[in-house]
Amino acid sequence: DLELHLQRCQQLSVTVLTDHQDLSNTELKTITNSSAPQHYRIRAKLRTYKPQKLHQSVKLHCSKCNSLQEVPDGDDFDFILQGSANTAPNPELHNTSWYESVKWTTQDQKQREIAIHFVKHDEMLQQPEDTLLMIEGGTLKEIWKLTKRFKCVIPVRSTEDDLELLDLSAPFLLQGNVKYYGCKQCSTPKPMKSLSSIAAEQRPSWEPTEIAQALGIELLQYVFIMKFTLVDETGALNAYLFDY
C-alpha cells in the first residue's frame, strides 16, 4: 500500500508532505539555509525515494553503538545451522536440573543427531505456549515448526562444558514468526546456563529483552528507514524517515 501511495505521489505535480496548517509555505532554499531544528510547511514534488523495494527499508539498529545493518536472509541462517549440525550434541550436557533433554537421529541420508532441551520450571515442564526450548542440529524448517507450538526457540550447540549460542549472524531467539538478533560489536555472549536464573523465577515470562540481558546480548531493534528527495522551483531537499 505504501509503495503504491509513493508511486501516486510521484505522479502528482504538487504534493503536501507536511501538515503544519498554521504555518505559511516555505521554499526549500530557505530551509536548506536555515539552522535546525525548525518547523516548516512545504509544498514540493517527490522526485525520488529509496529504497525502491519496501522490504529493503527494514534494517537492524543497535541503540548502544548506533550501528545499522541489513536483516540477514533465511539462506544465511540455514548455512549457519548446517555448520552447527556438524557438531554432535554432547550427551553429558543432557537432562540437567533446569532442562529436560530429548535426543534422536534422523532417518534421512545424513542421519543428523538432534537434541531438544526443554527448560523446566519448579522441576516441571511448562505448557508448550509457555515453554522455552533449545535445539541442537535442527534445520530451518524444523525450527519454524517448533516456533508454531512453543513460545521461544533458541538454536544452540554443545561445548565441553555447556550449551552456547550460534554465531550472532544467526538469530539468537525465535518467537512466533519473529527472529531476534544481537549486535556482534556490543554483545558478550554467555553460556546457556545463564538462563537458569529466569527459569527459577516465580512466573518466567521469557520476554526477549530479559533473555537477551541474561545471555549478555545487546538486542538489535527492527527499524524502518526511507529517504525522500523533495524539489520545488528553488531547490532540493533530502528527507529521512527513521522509525521503530
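**Before you start**

This is a predicted model: local features need pLDDT of at least 70, side-chain atom pairs count only at pLDDT 80 or more, and totals for chains, interfaces and linings use all residues. Residues are numbered from 1 along each chain as its sequence is written, and side-chain values use heavy atoms, with hydrogens and water left out.

**Exercise 1. Find how the chain is divided into domains, and work out what domain 1 and domain 2 share.**

Step 1. Start with the bounds, which come from an automatic or database domain assignment. Domain 1 takes 1–64 + 223–243, and domain 2 takes 68–217.

Step 2. Look at the spacing: 42 Å separates the C-alpha centres of domain 1 and domain 2.

Step 3. Now check the contacts (heavy atoms within 4.5 Å). Nine residues of domain 1 are in contact with eight residues of domain 2.

Step 4. Next comes buried area, the accessible area (1.4 Å probe) that two parts lose on being put together, summed over both. Domain 1 and domain 2 bury about 700 Å² between them, with 73% of it on carbon and sulfur atoms. Lys59, Leu60 and Cys62 supply 69% of the area that domain 1 buries against domain 2, more than any other three residues.

Step 5. Finish with salt bridges (a side-chain nitrogen of Lys or Arg within 4 Å of a carboxyl oxygen of Asp or Glu). The count between domain 1 and domain 2 is one salt bridge. Glu70 and Lys59 have side chains that meet in a salt bridge, at 2.7 Å from N to O.

**Exercise 2. Locate the feature that UniProt places at residues 75–218.**

Step 1. Read the record: an unreviewed UniProt entry gives these residues as "domain: Protection of telomeres protein 1 C-terminal insertion". UniProt positions are in the numbering used here, feature names are shortened, and annotations may be inferred rather than shown by experiment.

Step 2. Describe the span. Helices (H or I, at least four residues) and strands (E, at least two) are DSSP runs, numbered from the N terminus. Residues 75–218 are 20% helix and 27% strand, and the end C-alpha atoms lie 23 Å apart.

**Exercise 3. Which residues of the largest nonpolar core touch the most other members?**

Step 1. A nonpolar core is a set of buried Ala, Val, Leu, Ile, Met, Phe, Trp, Tyr and Cys residues joined through side-chain atoms within 4.5 Å. Buried means under 20% relative accessible area, exposed over 50%, and partly exposed in between (1.4 Å probe, protein chains only).

Step 2. Pick out the residues: in this core of 26, they are Met134, Ile154, Met192, Leu195 and Ile211.

Step 3. See where the core comes from. At least two residues each are supplied by strand 8 (132–136), strand 9 (152–158), strand 10 (163–165), helix 5 (196–199) and helix 6 (208–214).

Step 4. Zoom in on Ile154. Not counting residues up to four places away in sequence, Ile154 touches several residues, including Met134, Phe172, Met192 and Leu215.

Step 5. Apart from the largest one lies a core of 16 residues, among them Ile80, Ile116, Leu133 and Leu166.

**Exercise 4. Is Ser101 buried or exposed, and what is Ser101 in contact with?**

Step 1. Check its accessibility. Ser101 counts as buried because its relative accessible area is 12%.

Step 2. List the contacts. Leaving aside neighbours within four places in sequence, these are Leu93, His94, Asn95, Ile116 and His117. Ser101 and Ile116 are 15 residues apart in sequence, with 5.6 Å between their C-alpha atoms.
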